[in-house]
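Subject: Structure handover

Hello,

Please find the structure below, with the sequence. My notes on what was found in it follow.

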Amino acid sequence: MLLSMLILSASTIPIVYFLGKKSPKAAAYLVALTCMCDIALLFTTLPSILNDANHIYMESYYWIPVLRSSFTLFVDGVSLSMAIVTLVLIFASSLFSISYMHEKKSLAEYYALLALLSIGLVGVFITSNLMLFYFCWELMLVPAYFIIGGWGYREPYRAAFKFFIFTHAGAVFVLLGIGAIFMVSGDLDIFTAKLALMANPDLARWILLSFTAGFAVKMAVVPVHMWLPDAHSEAPAPMSALLSGVVISAGAYAILRISLGTVFPAVIATNFGTQFLHALTFFGMISAFFGALIALVESDIKRIIAYSSIAHMGYVLFGLSLFPYNEAITGTTFHLVSHAVSKGLLFLTAGAVMKQLEIRDIRQMGGLAGQMPITATSSIIAALSIAGIPPFACFISEFLIFVGAFRAIANDSFYTVMTALMLIATVLSLAYALRFIGHVFFGQSKHEKIVDVPLSMKLAMGILTVLVVILGVWPTFFIHLITSVTFV
Amino acid sequence: MISILDASLPIIVFVASSILTVPIIKTIRKSAQGIVIAACWFIAVFLAAAVAVANLALKYYSQQAPLPIINLTTASEAYTAFSTAFLIDGVSVYMAVIFTALCAVIFMYTFLSVDFKEKLSERYYAVMLINVGCLIGTAFAGDLLTLFIFWEATTASSSFLMVYNKTIKSIHATLKYLTMIIMASAFIVYGLSIIYALTGTLNFWAAKHALMSLKNKYLLEVAFAFMAAGYSIEAAVVPFHMWLPDAYSAAPAASSAFLSALVDQGSYYVLLRVLVYILSPPTVLPWTLIFAVLSALTMVVGNLLALTEKDVKRLVAYLCIADVGYNLVAITTVTPLGIMGNLFFFFVGGITTALSFMAVGIFNRMGLETLEDFSGIGRKMPLTSLAMLLALFSFIGVPSLAGFIAKYLVFTSAIEANLSWLAVIGVLTSVIQASYLLRLINYMYGRKTAVEAKFKEPYKLLVPIFLLAASIILLGLYPTIILNLLNVIVQQLSLVP
């Protein structure tokens, strides 16, 4: 099933390209349709995940036996949630692109790259083989590079260059880690490697650091975040939605699945393990504050959202550092889902505003709520969700993370201060969200004759808006999926 | 049973066809059907060569219990230590196969880009063919002297390929190259004579056997130093790399592609075979650190020099130096994984460098040489640029392209051999590599062109280019095709006495 999904996505790429030469619109629909088919195929694995004893669905094929790599595809609750939300975002992005990218050139290439990107993005979440994981990891890099460069704003190739070099530099550390795991365990499957590493805690430390450093770059944790504001704000809006929604979440997912899930158990009982988690907490807190503070003073509409992504990856890292507490891990994983949808939606609405106004400075905007009602509604819901206001998606996840944090306080006094600081950061996120909404949608209208965006863009935003609300009031489906996985 | 004829047949085919090429091309040059006859002749040459190599490979692999090494000598048992010897094992058969395959593709490009009506072009073709013959001879050599003769013939004939354009630049570069390799061969001969004095033989097995039990290693150290220096000069290991960028950038594109894809890989093969497996495995002489430092230097210097380079062809030449470094990492480790990485890298490195030199050759024909000239070329010449792009991403080590698997094997073998620091330097230089290659890609796709003129892509030349590009993707996605074979070969190699 999973293989047929990848084959389906791969085989549509040439069709998308040649169809796009004739009619870009048809290509966009084809990409969207493929995403729907992929989701349907993913759902066929649902029964085995829910009923299986290990809550896992796995397929394995012959690939590179010399490197102890088989083409292993697997889904459990966490990967399935991430894969579904990825496909939903790609679906929305391709619909959104129809009108948004309308005047741009060479759209055939654009949609083909988007289709290629979808393989990398989904592949990262559904493989348990590190070699295949790395293939997909870099496969999301190359199409993203060309989409940012080819269809971005201002100096797009500069932003794309920064994006590629930073994340590639991170990726080579991941590669070193993979090489070391190959040496230690003679196998590149994350579940087998876990057991082999248990016997070798000394090397596991280095592997853990190498992996985490590499993934943290993708996640844009503060000392290595420099690429994110440029890449996310200069990319075309559908791409920004994917970058901020899924690509950085892939970094967080990888830390959860590989750093913490596979390598960390080898050092969990040691002093080093505790220090490692404390370091994650610290960097998470710094990222949350840094992102929120810059978002509060930034006036470029997309850069605000980009910095808010850094802040939210701070929450995620904070949540990941509460690894021994199940609530926090559930909350973090659910935050990846809810943040992806909310942030994707927020970027799409920002794109819609930019498209109609052709300016980026929020101080020159205002009163758009009356002129672009649908966009405004979606955007306000997304921004409130980002700020962690009930009943929207991110509230639930942030709440769960803090529940985990309060449990941690009982055992470890280090978390008292950190949790207090994180709560303050949450207030800051409300501040920048309200500032954003206020400047863009309320107040005096500064532009005449602004109308709302075309139907396909409304549709894309509408789907995500509905999802943000549904995830907020009825998170049970994803929570159920996520809690079926045990990491500790 | 493999006879000496089977082993020498590929060499004979290439040398004989090289000699025949000169009169054939000369006579048909004026005729109306000349191009067809010439094409048929070269197709026949490569078919014959393919048959000869396939015959050897089939015979080698059809043995009941494949001997790790087959020693073919021209003398009776008592004098084997003093006779000319051929060596057939998995590695040499593999090298012969990849040399023939790569040469066939590069020759297609050569034939299409160097017009056979040009004066002296027949000699160019002939030298290229004899060069491959000598390279295969190098791969099959079973004693140090045979290896020396074949290898020197290869390097010496390479100089003709470099100087073909007869520009001032290429003559200078070739003189530099010749000076360097004459020094190198002097070193090697001196080393050889010491080895002969120490062991009384030049045969690989006999010499190795004698050296393993050597009491006083002082002279061996001297011999090793001279031979290592000599072969390092020919492989362009930093600090002996100075000839390479000049030579490769001044040579015609077909020559650069040929030299980087075949002669370069041949030079790594010689380093691997002679120094590591015959002369002095690290158990005999502890040279690991020296070569580790040299390989680190080569990776760092090669990539840093490329960082500021404006001329694209020179930039690709620096990439070749960086590749020397990555190959040397794996040679240094002397682990089965590393050797597998090497053997894979020989093929992949050959494909990628050849591909990029061929693509650059097409751009150069349009008068595009510097980074600035390459601005916006991605839209004007989409197919050539696409091929170039694939090669560049393969150099960077983006997975699903073959370069990644090669680099992965190399770095993992360094970790395995307790040389983690070398692996770290390797990946960091690989990031530097990514930065300057992306700069080139940024010029190709991100900038507006300055020239208005339309470029017509030479579709014929794109055929060999896309053959190579397709193999990069195929080997990147499914390297098992080669790795399964290499795994067996490497196991045999570690059985060598």
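A144(A) sits in helix α7 of chain A, residues 141-151; helices here are DSSP runs of H or I with at least four residues, strands are runs of E with at least two, and both are numbered from the N terminus. This is a predicted model, in which local features need pLDDT of at least 70, side-chain atom pairs count only at pLDDT 80 or more, and totals for chains, interfaces and linings use all residues. Residues are numbered from 1 along each chain as its sequence is written, while chains are lettered from A and ligands numbered from 1 in the order in which they are written.

Is A144(A) buried or exposed? A144(A) counts as buried because it has 26 C-beta neighbours inside 10 Å. The cut-offs are 20 or more other C-beta atoms within 10 Å for buried, 12 or fewer for exposed, and partly exposed in between, with C-beta atoms placed from the backbone. Not counting residues up to four places away in sequence, A144(A) touches L117(A), M239(A), L243(A) and V247(A). Two residues are in contact if their C-beta atoms, placed from the backbone, lie within 7 Å. Between A144(A) and F163(A) there are 9.0 Å in space, C-alpha to C-alpha, and the two are 19 residues apart in sequence.

V75(A) belongs to strand β2 of chain A, residues 69-76. V75(A) has 28 C-beta neighbours inside 10 Å and therefore counts as buried. Its contacts, leaving aside neighbours within four places in sequence, are L2(A), T45(A), I49(A), Y57(A), L80(A), A83(A) and I126(A).

Chain B as a whole

Chain B has 19 helices and two strands. Its radius of gyration is 22 Å, close to the 23 Å that the globule rule gives for 497 residues, so chain B is as compact as a globular protein of that length. The radius is taken over C-alpha atoms, and the rule is 2.2 Å times the number of residues to the power 0.38. Along the principal axes, the C-alpha atoms of chain B fill a box of roughly 70 × 55 × 45 Å. Of its 497 residues, 59% count as buried. Among contacts in chain B with a separation of 6 or more, 80% come from residues 24 or more positions apart.

Where the chains meet

The contact takes 24 residues from chain A and 25 residues from chain B. On the side of chain B that touches chain A, the elements giving two or more residues are α16 (402-416), α17 (420-446) and α19 (480-493). Of these, α17(B) gives the most, with eleven residues. That side of chain B divides into 15 nonpolar, nine polar and one charged. Ala, Val, Leu, Ile, Met, Phe, Trp, Tyr, Cys and Pro count as nonpolar, Asp, Glu, Lys and Arg as charged, and the others, Gly among them, as polar.

α16(B) has 15 residues and reaches 21 Å from its first C-alpha to its last, close to the 21 Å expected at 1.5 Å a residue; the expected span is 1.5 Å times one less than the number of residues. Of the 15 residues of α16(B), 14 are buried. Just after α16(B), N418(B) takes a positive phi of about 65°.

A helix pair in chain B

Helices α3 (residues 90-113) and α13 (residues 336-365) of chain B pack at an angle of about 5°, with their axes 10 Å apart. Axes are lines fitted to C-alpha atoms, for helices over the stretch in contact, and angles run from 0 to 180 degrees between N-to-C directions. That angle makes α3(B) roughly parallel to α13(B); under 35 degrees counts as roughly parallel, over 145 as roughly antiparallel, 65 to 115 as roughly perpendicular and the rest as oblique. The residues of this contact divide into eleven nonpolar, three polar and no charged.

Backbone exceptions

Most residues other than glycine have a negative phi, and most peptide bonds are trans. A cis peptide bond joins P390(A) and P391(A), with omega about 5°. The bond from V238(B) to P239(B) is also cis, with omega near 10°. L120(B), which is not a glycine, has a positive phi near 75°.

Regards
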